[in-house]
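Please look through the sequence and the structure shown here, and then read the report that follows with both of them at hand.

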Amino acid sequence: MPINQLGAFGHNFLGNAPAWYKQIIVLFLIINPIAVWTIGPQATGWLLIGEFIFTLAMALKCYPLLPGGLLAIEALLLGMTSPESLYHEVEANLPVILLLMFMVAGIYFMKSLLLVTFTNILLHVRSKYLLALLFSMTAALLSAFLDALTVTAVIISVAVGFYSVYHKVASGKGHQHKDHNHVSDSEVVDLHREDLEGFRAFLRSLLMHSAVGTALGGVCTLVGEPQNLLIAKVAGWNFGEFFMLMAPVSMPVLAAGLFTCVALEKLQLFGYGVKLPRPVLRVLNEFAEAERAKRTPAQKAALIIQAIAAVVLVLGLAFHVAEVGLIGLLVIILITSFNGVTDEHQIGKAFEEALPFTALLVVFFAIVAVIHEQHLFTPIINWVLALPPEQQPGMFFIANGVLSMISDNVFVATVYISEVKQALDAGEITRAHFDQLAVAINTGTNLPSVATPNGQAAFLFLLTSAIAPLVRLSYGRMVIMALPYTLVLGSVGLLSVILFT
């Protein structure tokens, strides 16, 4: 506990973040003004980018909105960019902000339908490799039209629910028992410990297959990932154009990713291949039957409304009847109206997942405004554009992929697509060549970024969720389990960019 007022300020600053992390952020804030006055704003801009990437890479220590926001505010105060430039960036990317605000919230009200879908897959498919394939394909399909974070959240909900049910039984209680701590193994009966460990390994593999599936589907469509819509808005592509332009890369990668899923299960490599223990399956089936029997007509009607809303959503996106975020708002209104969700606070819960990331995105735009004002990436872009045209897409894919592994792919995509658009507006590249580079940027930020939880929001969400400590899914284990996917998706994506774009 702090012993004086000064210590209290230090204790409150960035909350529970480690002391060394707080000291580094304070050091950044002290160094930047000195750097502006000594080495100039352009060199300080590069320093700022390094500092901001550090906050993204250390997202598990402290949510990047806080330290990143402090750095962005300081950049504004130091004159490295202006509030007008920041507002211009926000205004230009309003569709992305609407996507995050309303689409994620809209899918929140479809969670019951998604839970039923994944529960049925889990309990009715006996073959492990086929089960893994179905989880990956379902996650990919849903992420292509919905939101990867929400799809991941649903799969996590299924995993936590089933884990807690079996943990009760393994602790000598019935699955209907209410008062139980499934975080602690202190009450687990020795007879069930081996099955519990097998269940953990089984869930780990399904969670990782599903998380990669969100990346495989997310790269395909305009709404799959936030950076997709951002790139599409800059490029002026609609839903169909985006899909067709990405298909020469996204389709071979999808096939390769699904093949990798099956191969890992068959070969039992990198922690995959563990089957669901029979005693666990028996307990879960009993629980699912009990839950199905308790489902009321009102709950069944709610599922039907959610299914109808899902069809409306897909058709609205496919035919581009409105901006994506507005279609998400349509889904919110339809489901809440016909399912009787009328309480303001109940509706407000739907926005809790999306708004922190939306605020972080605005901080991204502040850093992008600094990059534009100080012309930081202009020499790099000019160097790449000086290469033979056939080499440029591959170089952009590699550059975006490497940066997305350690940073956030939305930030990386925002920076590169903005610079390439400036080159197009200046007449330095043709429209056809711009489209090729935009495809390389989008696929480069979406595919190699599965290497670490830093690059993919769905991976980071999984790592920081309630299920991760329950199934012993650590940062290191995620990196190891993602390694074969990283190698396959990265190499197939790069070859496809080089050969087909």
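Leaving aside its neighbours within four places in sequence, which residues is Thr-414 in contact with? The model in which this is answered is a predicted one.

Once neighbours within four places in sequence are set aside, the contacts of Thr-414 are Leu-230, Phe-365 and Val-368. Thr-414 belongs to helix α20, which covers residues 409-425, and because its relative accessible area is 1%, under the 20% cut-off, Thr-414 counts as buried.

Leu-258, which is found in helix α12 (residues 239-267), is also classed as buried, with a relative accessibility of 16%. Apart from neighbours within four places in sequence, Leu-258 is in contact with Leu-133, Ser-136, Met-137 and Leu-216. Ser-171, by contrast, is 87 residues from Leu-258 in sequence, and the C-alpha atoms of these two residues are 37 Å apart in space.

## Salt bridges within helices

The count of salt bridges comes to five, and among them is the one between Arg-200 and Glu-197, whose closest N and O atoms are 2.5 Å apart. Arg-200 and Glu-197 are three residues apart in helix α10 (residues 190-218), so about one helical turn separates them. Arg-200 is buried at 0% relative accessibility, whereas Glu-197 is partly exposed at 41%.

Another salt bridge joins the side chains of Glu-289 and Arg-292, at 2.6 Å from N to O, and both residues lie in helix α13 (residues 278-294), three residues or about one turn apart. Glu-289 is partly exposed, with a relative accessible area of 48%, and Arg-292 is partly exposed at 33%. In helix α20, Asp-425 and Lys-421 are four residues apart, about one helical turn, and their side chains form a salt bridge with an N to O distance of 3.0 Å. Here Asp-425 is exposed at 55% relative accessibility, while Lys-421 is partly exposed at 23%.

## Two crossing helices

Two packed helices are described by the angle between their axes and the distance between the axes. For helix α7 (residues 111-124) and helix α14 (residues 297-318), the axes come within 8 Å and cross at roughly 95°, and the two helices are therefore roughly perpendicular to each other. On the α7 side the contact is made by Lys-111, Ser-112, Leu-113 and Val-116, and on the α14 side by Leu-303, Gln-306 and Ala-307.

## A nonpolar patch on the surface

Leu-267, Leu-269, Phe-270, Ile-480, Leu-483 and Leu-487 make up a nonpolar surface patch, and together they have about 560 Å² of accessible area. Helix α24 (residues 475-500) gives the most to this patch, with three residues. Leu-483 is located in helix α24 and is partly exposed, at 38% relative accessibility.

Technical notes:
Residues are numbered from 1 along each chain as its sequence is written. This is a predicted model: local features need pLDDT of at least 70, side-chain atom pairs count only at pLDDT 80 or more; totals for chains, interfaces and linings use all residues. Side-chain values use heavy atoms; hydrogens and water are left out. Patches are made of residues with over 30% relative accessible area and no salt bridge: like charges are joined within 9 Å, nonpolar side chains (Val, Leu, Ile, Met, Phe, Trp, Tyr) within 5 Å. Accessible areas come from the Shrake-Rupley method with a 1.4 Å probe; for residues, only the protein chains shown count as cover. A salt bridge is a side-chain nitrogen of Lys or Arg within 4 Å of a carboxyl oxygen of Asp or Glu. Buried means under 20% relative accessible area, exposed over 50%, partly exposed in between (1.4 Å probe, protein chains only). Axes are lines fitted to C-alpha atoms, for helices over the stretch in contact, and angles run from 0 to 180 degrees between N-to-C directions. Angles under 35 degrees count as roughly parallel, over 145 as roughly antiparallel, 65 to 115 as roughly perpendicular and the rest as oblique. Contact means heavy atoms within 4.5 Å.
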